[in-house]
Amino acid sequence: MTVKETEASPESAGAEGNGRRATASQRQLVWWSFKKHRLALVSAWVLGFMLVVIAFCEFFAPFDDRHRDSEYTTAPPQVLKLWDTDGPDGFQWGLHVDGYTSEQDPRSLRITYEANPEDRVDVGFFVKGEEYELFGLIPWDRHLIGPEDPEDPMYLLGTTTDGQDLLSQLVYATRVSASVGVIGVLLAFALGIVLGAISGYFGGWIDNVIQRVIELFMAVPSIPLWLGLAAALPADMSPVTRYFIITTILALVAWTGLAREVRGRFLALRGEEFVTSALLDGSSRRRVMFRHMLPSFSSHIIAALSLSIPSMILAETALSWLGLGLRPPAVSWGVQLQDASKWSVLSGAPWLLIPGLVVVIVVLAFNFVGDGMRDAADPYKH
Amino acid sequence: MSEPHSAQPLLEISGLKTGFDTYDGKVPAVDGVDLTVHAGKTLCVVGESGCGKSVTARSILRLVDAPGRIEGGTITWHGDDEPFDVLSLNHDDKRLQRLRGGDIGMIFQEPVASLLPLRTVGAQLVEVIRIHTGMDKQAARKRAIELLDEVGIPKPEERVDAYPFQLSGGMCQRVMIAIALCANPSLLIADEPTTALDVTTQARILDLIRRLQAEHHMAVMFITHDLGVVAELADEVAVMYLGKVVERAGVEEIFADPKHPYTRQLLESVPVLGRDRGRDLPTIPGTVPNPLHRPKGCSFHPRCSEAIAGRCDIDEPPEVVFDGGRTAQCVLYDDQTEGDRA
Amino acid sequence: MLKYLGRRAIYIAATLLAISLVVFVIINLPPGDYVTALRARYAVQGQGLTDADVEALRVRYGLDGNLLQQYWNWLTQIVLHGDLGMSFEHQKPVSEVIGARLGATLGISIGTLLVTWALAFPIGVYSAVKQHSIGDYTVTTIGFLGLATPNFLIALIFIYFSVTWFGSVPSGLCSPEWCDASWNLGKLLDLIGHLWIPMIVIGTAGVAGLVRVIRNNLLDELQRPYVTAARARGVPEGRLLRRYPLRVALNPFVSTIGWILPLLLVGDIVVGQILGLPTLGPIMLGALKAQDMYLAGSIIMVLSVVTVIGTLISDLLLGWLDPRIRLGHQR
């Protein structure tokens, strides 16, 4: 949602002369200010790209998330090549990867794979592959990239210990892990808003009670609480139920911080001079609420939300990695990284850590966008 | 100035330029300021907020923090046996150390925030006394109590152990003055010291400053936007607008015969008891322009009722020196203009 | 000060009560109770338990009343007898299982905490004082990375390099040849050789977080009027930094004890698991996975209590350091 906010600003067309600044709307000011934060802008693009991938998972992943090739387990990543010099006809154009040769160690029985330039696997864009239904509605069978012959191995990021395509798994895992973060934060936010509104509307002792309860909640260390609640879930839950319950647990533990942030922001804003002066100028309460407070409020809230998503994502990843969160067949970043936990496996297959890299990038991106929004939320500050 | 000054110049600022680097470009907060403080006299620097008067004061003790930077000019200190330029000193020069808090005391706009919240006012006083006089702890504490007494803090033996947040703003300003006085300075720089205080406290602090000035034979450089304060305290007045001194004169001259249109309009906008009953106060039209986009020519011309098209919006106004030494930066008194008029 | 202490004491009592409630709920979340689990276990071993046996066991463990009574029983057992219940997995009282490992856990955690501080403080101060320098940018970048990387990932990366470079992973707290030896320099060096990896892995997020807090605080403080005012009084630069903003910036540093301790303890869960440390982490994970709820709940309880104590210590230190808090003046 952060991304939408930043990309949907048509006023971006540039010139921020001094004269314009004086008459610019709050949104324009925020956007101009945000644009100056270069890391935040790049991060917004990264998140935007991620959003597109999440929406069209089935299309971007070369294979289905259940696809398993027992012939190639823990195979290394292949290099995408544009031309070929080893073929029968000498030099030849054409997108392809090299197939594998396998070798089994007679003692450890471990199979190692190596690229085999003799064995050419043609690769194409928009190739026909496994069938799927986009958004569960539109049946299709094209994939952004894939082997021309669906039976051929094309594993650009290598395969897992189970012989699954790491790239395809990663695409699906991104959908799961990122959405846990975003949905969790939204749930927490909704809870916070509702209680915050009750607290603010009734005030007095109800506000007091709610504040004390929040304080007590905050005093219980969150991470052991996460672990305990997640562990108490029955083992035989369906993946979808588990997904929603884990998200809810994460939200339950995280809402207090957000609720405080919202309430604090609101109270701080109510005391701001521009609000008082707008009221004194005779603006209606409604107008002040929606035209003056909400715009400056929403940037702060978006910033706060964006900054809470990383901890949510990291929590899910850690929980799943420990085996307490999502479980196979569901795939998330944490589940993927479980594969890399055994050091005997990891030492021979460092590519299993690639999902970790994605975690870091996405977490950083949310952080930077949040930072940028927070700085931009006070456009007059500089 | 009107009467030739018998007093020696103590501090001479000449061509001072201090700028701030911001995202949007360089802001020249102080743009070529010339000022002189005479020993034992009071110079008031007046101007609207943002005109660079505080930055000028801070530049004297080299207190301008990044992104601000002093870019040019000289600040000559005549208080020592041998005059020297403050701006040419190294950061670790003993003379700069002695100047700060020793020969020059300084007080600020926010007295409570200018004291460290975590230590008692006594501890902060003692620290400065020991830095500048080399007294031992006991003697310094005794001196601290004396100083608190001198600046009119009741029960100084008790207050010396109070924390700043336990004292009122006025009390804190008195503590700041005590700290500034601790090494018998020959100049006190007061940067809007009464702005954050209520009116009665304000009057008392002004009285205190005047009394201490007489007792200690100090010069005072008083930064303010309040013309009432100027009338009460000043010997000489400098009026600043957008980083420049537009007019300098003795205090009677300024009030009796303001030369620069800005000074004139400034004076007209002050209510006078009796005169102004039942009529609208005149205001200066427009607002102070953003220093990033300083108007071409005279920076006051867009708000000036006497601006001459074709001159004021093109050329920098000349500095005109009148008989007696008072000055104004305005084309109205230029020979050429006078000639045109004739 | 007394009023302040009193307020803190009441607050802590309430917090502990809240924690105990939450833990009790967690313990009772999975279907069935301890006796049901025991019965199932005996059934697997071919020993049936009669309904009468089950009833007797329920009474013995205080599981016969309604939930409120059970909670009361459980709580009084803890408070009066230090009895945390039975571990189903280990077939031992929970307090024994935890007690055996609490020492090593606290040792590693507090050691890491000290190292974290020792690293974070100078780095944070340097980064703030030399803002916009190359050093500052490097520190800030590493800090961002440190906060964005889950600590188990750091552990995995360490293991990868350890295996590729040295061919093995140092696990446990001592090498076999030193484990049973009496304490001497060799054993100490061996211990330190084993400790640095867990410390780095557990401490990274803490250091990154702390550096950020210190840097931001100090940057805030350096812009306060009192810094300029002190400079105007002729306080020398070094003294100015030490006596004034650093002192103020120290406050939030102290108040981090509360949040950094649980962070370290959780880091221990991850690292202990991978490196086979004799700490609470791996036990807790095992208990959670096996739904050995008394053990798991008790460990959560212990971690929470440690956190609350950490918060209390930091509150007291804050009151001691900051007269505004001590004298009840909130600003």
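How many bridges join strand E3 of chain B to strand E9 of chain B, and do these strands run parallel or antiparallel? The legends below start with that pair; the model shown is predicted.

**Figure 1. Strands E3 and E9 of chain B.** Strand E3 (residues 42–46) and strand E9 (residues 236–241) of chain B are joined by four bridges and run parallel. Within this pair, Val45(B) has Ala238(B) of E9(B) as its bridge partner.

**Figure 2. The eight-stranded sheet of chain B.** E3(B) and E9(B) belong to an open sheet of eight strands, ordered E6-E7-E8-E3-E9-E10-E12-E11 in chain B, with mixed pairing. At the edges stand strand E6 (104–107) and strand E11 (319–321) of chain B; each has a single partner strand, so one side of each is left without a neighbour in the sheet. On average, and with direction ignored, neighbouring strands of this sheet are turned by 20° against each other.

**Figure 3. The four-stranded sheet of chain B.** Another open sheet in chain B has four strands in the order E2-E1-E4-E5, and its pairing is antiparallel. Strand E2 (25–38) and strand E5 (84–85) of chain B are the edge strands, each pairing on one side only. Strand E1 (residues 9–22) of chain B pairs with E2(B) over 11 bridges in the antiparallel sense, and here Leu11(B) stands opposite Val37(B) of E2(B). E1(B) also pairs with strand E4 (residues 68–77) of chain B, again in the antiparallel sense, over eight bridges. In that pairing Ser14(B) stands opposite Thr74(B) of E4(B).

Figure 4. Thr76(B) stands opposite Asp85(B) in E5(B).

**Figure 5. Helices H3 and H6 of chain B.** Helix H3 (residues 121–133) of chain B packs with H6(B) at an angle of about 15°, and their axes are 9 Å apart. Because of that angle, H3(B) is roughly parallel to H6(B). The crossing in which H3(B) passes H6(B) is right-handed. On the H3(B) side the contact is made by Val121(B), Gln124(B), Leu125(B) and Val128(B), and on the H6(B) side by Val175(B), Ala178(B) and Ile179(B). Sorted by class, the residues of this contact are six nonpolar, one polar and no charged.

**Figure 6. Helices H6 and H7 of chain B.** Helix H6 (residues 169–181) of chain B also packs with helix H7 (residues 199–216) of chain B, at an angle of about 15° and with the axes 10 Å apart. H6(B) is therefore roughly parallel to H7(B), and H6(B) passes H7(B) in a right-handed crossing. From H6(B), the residues Gly169(B), Gly170(B), Gln173(B), Ile177(B) and Leu181(B) meet Thr201(B), Arg204(B), Ile205(B), Leu208(B) and Leu212(B) of H7(B). The contact of H6(B) with H7(B) has five nonpolar, four polar and one charged residues.

**Figure 7. The domains of chain B.** The domain assignment divides chain B into domain 1 (114–182) and domain 2 (270–341). The C-alpha centres of these domains of chain B lie 45 Å apart.

**Figure 8. The hairpin of E3 and E4 in chain A.** In chain A, strand E3 (residues 111–134) and strand E4 (residues 138–147) run antiparallel and are joined by eight bridges. Tyr132(A) has Trp140(A) of E4(A) as its bridge partner. The hairpin has three residues between the strands, and in it Phe135(A) takes a positive phi near 55°.

**Figure 9. The contact between the domains of chain A.** Chain A is divided into domain 1 (69–158) and domain 2 (170–381). Five residues from domain 1 of chain A and four residues from domain 2 of chain A take part in the contact. The side of domain 1 of chain A that touches domain 2 of chain A has three nonpolar, two polar and no charged residues.

**Figure 10. The contact of chain C with chain A.** In this view, 35 residues of chain C are in contact with 34 residues of chain A. Elements of chain C that give two or more residues to this side are helix H1 (2–28), helix H6 (134–148), helix H7 (151–166), helix H13 (257–275), helix H14 (280–289) and helix H15 (293–321). H7(C) gives the largest share of the side of chain C that touches chain A, with eight residues. By class, that side of chain C has 27 nonpolar, seven polar and one charged residues.

Methods
Residues are numbered from 1 along each chain as its sequence is written. Chains are lettered from A and ligands numbered from 1 in the order in which they are written. This is a predicted model: local features need pLDDT of at least 70, side-chain atom pairs count only at pLDDT 80 or more; totals for chains, interfaces and linings use all residues. Two residues are in contact if their C-beta atoms, placed from the backbone, lie within 7 Å. Ala, Val, Leu, Ile, Met, Phe, Trp, Tyr, Cys and Pro count as nonpolar, Asp, Glu, Lys and Arg as charged, and the others, Gly among them, as polar. Domain bounds come from an automatic or database domain assignment. Two strands pair if DSSP finds at least two bridges between them. Axes are lines fitted to C-alpha atoms, for helices over the stretch in contact, and angles run from 0 to 180 degrees between N-to-C directions. Angles under 35 degrees count as roughly parallel, over 145 as roughly antiparallel, 65 to 115 as roughly perpendicular and the rest as oblique. A crossing is left-handed if the near helix is turned anticlockwise from the far one by less than a right angle, and right-handed if clockwise.
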